[in-house]
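Take a look at the protein below.

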Amino acid sequence: MDILTIGLGTIGTTYGYLFNKAGHNVEHFIRKSSKKINITELNVDMLDGRTNKKGNHYTDIYKVNTNTKDSYNFIFISMPAGNIESVIETLNSNNIKGTIILCCGIWEDKQYLEKVMQGRKYILGYPVAGGNIVDTTLTCCIFDHFILEKKENSKIDDYDQLVSLFESCNIKLETPYDMLEWIWLHMAINAGVVSIAAKYADMKNPTAAAENLMSSSKLLAEAVCAIRETSKIIKARGVNLKYYGNELWGYKLPLFVSVPIMKRMFTTNILTRKIMTLHNNTEDLLFVCKCLYDTGKQYNISAPIFYNAYKKAESKF
């Protein structure tokens with residue numbers, strides 16, 4: 001298959017690397033004004049959880065091929081802060097076609113998406129991976145699954161081909177009740193965690209902030225309480241939380257139960273811990289928190305722990 005990845009960001013490049021290793025033609029659309037325009041290869045430092053829950057560590061070289069076509073099977077978009085409007089305008093102005101896999105933190109509703117996508121075929125997804133790119137080194141980790149919109153909820157006619165793409169990379173697909181609501185829920189959980197981590201740390205060093213949170217029972221307890229509050233915010237938007245019990249059950253348990261479970265998870269689950277420590281895009285982290293804060297205030301939701309943590313975090317950025 002022909003795959004176009006927008007930009008040379010961490011998530012798109014991680015999956016682009018995997019698609020390429022599975023035998024697909026992967027190209028990147030990189031703006032001429034980008035600082036990464038002259039990068040032709042990346043050193044890959046991968047913790048790969050597709051066949052081993054603890055992750056297989058290896059290094060590799062990824063050749064970066066820039067776009068040469070005007071039509072692709074799939075176009076992979078993963079943008080910080082969910083800013084996709086300019087990307088769609090760029091694809092349209094360059095007359096580049098293909099089914100879009102939209103993997104962003106989207107806080108807007110479906111009406112907004114339909115307007116922004118301008119009639120293009122697209123499907124919502126969410127990566128289960130993380131990392132960063134520093135200079136010409138991609139440090140990343142990936143789980144064995146990817147979150148994808150249900151076939152019956154999508155509007156694309158090449159869904160089975162997309163399934164085949166992920167199968168070729170040995171990546172399983174998980175399909176939640178409603179993909180957009182799942183993204184909102186994921187952002188709510190992240191906002192609860194990030195706000196507490198930032199409240200007690202120097203956000204010029206996100207790695208240290210994550211380590212501090214994962215090692216402290218006190219901070220984890222506060223994070224659980226913040227997540228309970230941010231969950232109320234997405235409920236106010238109309239999300240029926242009963243459809244997402246698997247994602248929320250751990251946060252509903254009494255703190256004396258949930259906190260040790262979380263602490264043990266961060267201690268033993270190397271992949272989860274790695275993603276937490278590698279995510280250093282503070283602008284994106286703050287964007288997620290701001291979405292929840294603004295919406296909570298709009299709906300007059302009582303969330304004192306989260307609001308307080310967000311305001312203290314905001315002052316550090």
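A residue counts as buried when its relative accessible area is under 20%. Keep that cut-off in mind. The model is a predicted one.

**Cysteines**

A disulfide is a covalent bond between the sulfur atoms of two cysteines. This structure holds zero disulfides. C140 is in none; its nearest cysteine sulfur, that of C141, is 7.2 Å away. The cut-off for a disulfide is 2.5 Å between the sulfurs.

**Buried residues**

| Residue | Relative accessible area | Class |
|---|---|---|
| C140 | 1% | buried |
| C291 | 10% | buried |
| T10 | 18% | buried |

T10 belongs to helix α1, which covers residues 10-21. What does T10 touch, leaving aside its neighbours within four places in sequence? T10 is in contact with G130, G131, N132, I133 and L138.

**The second largest pocket**

This pocket has a volume of about 220 Å³. Its lining includes K110, L113, E114, Y122 and L124. D178, M179 and L180 are also among the lining residues. Three elements each supply at least two residues of the lining: α3 (110-117), β7 (122-126) and α5 (179-199). Which element gives the most to the lining? It is α3, with three residues. By type, the lining divides into five nonpolar, two polar and five charged residues.

Key. Residues are numbered from 1 along each chain as its sequence is written. This is a predicted model: local features need pLDDT of at least 70, side-chain atom pairs count only at pLDDT 80 or more; totals for chains, interfaces and linings use all residues. Side-chain values use heavy atoms; hydrogens and water are left out. Buried means under 20% relative accessible area, exposed over 50%, partly exposed in between (1.4 Å probe, protein chains only). Helices (H or I, at least four residues) and strands (E, at least two) are DSSP runs, numbered from the N terminus. Contact means heavy atoms within 4.5 Å. On a 1 Å grid over the protein atoms alone, a cavity is a set of points where a 1.4 Å probe fits but cannot get out, and a pocket is an open set with protein on both sides within 12 Å along at least five of seven lines; lining residues have an atom within 4 Å of a point. Grid points are joined across faces, edges and corners, and a volume is the space filled by probe spheres set on the points. Ala, Val, Leu, Ile, Met, Phe, Trp, Tyr, Cys and Pro count as nonpolar, Asp, Glu, Lys and Arg as charged, and the others, Gly among them, as polar.
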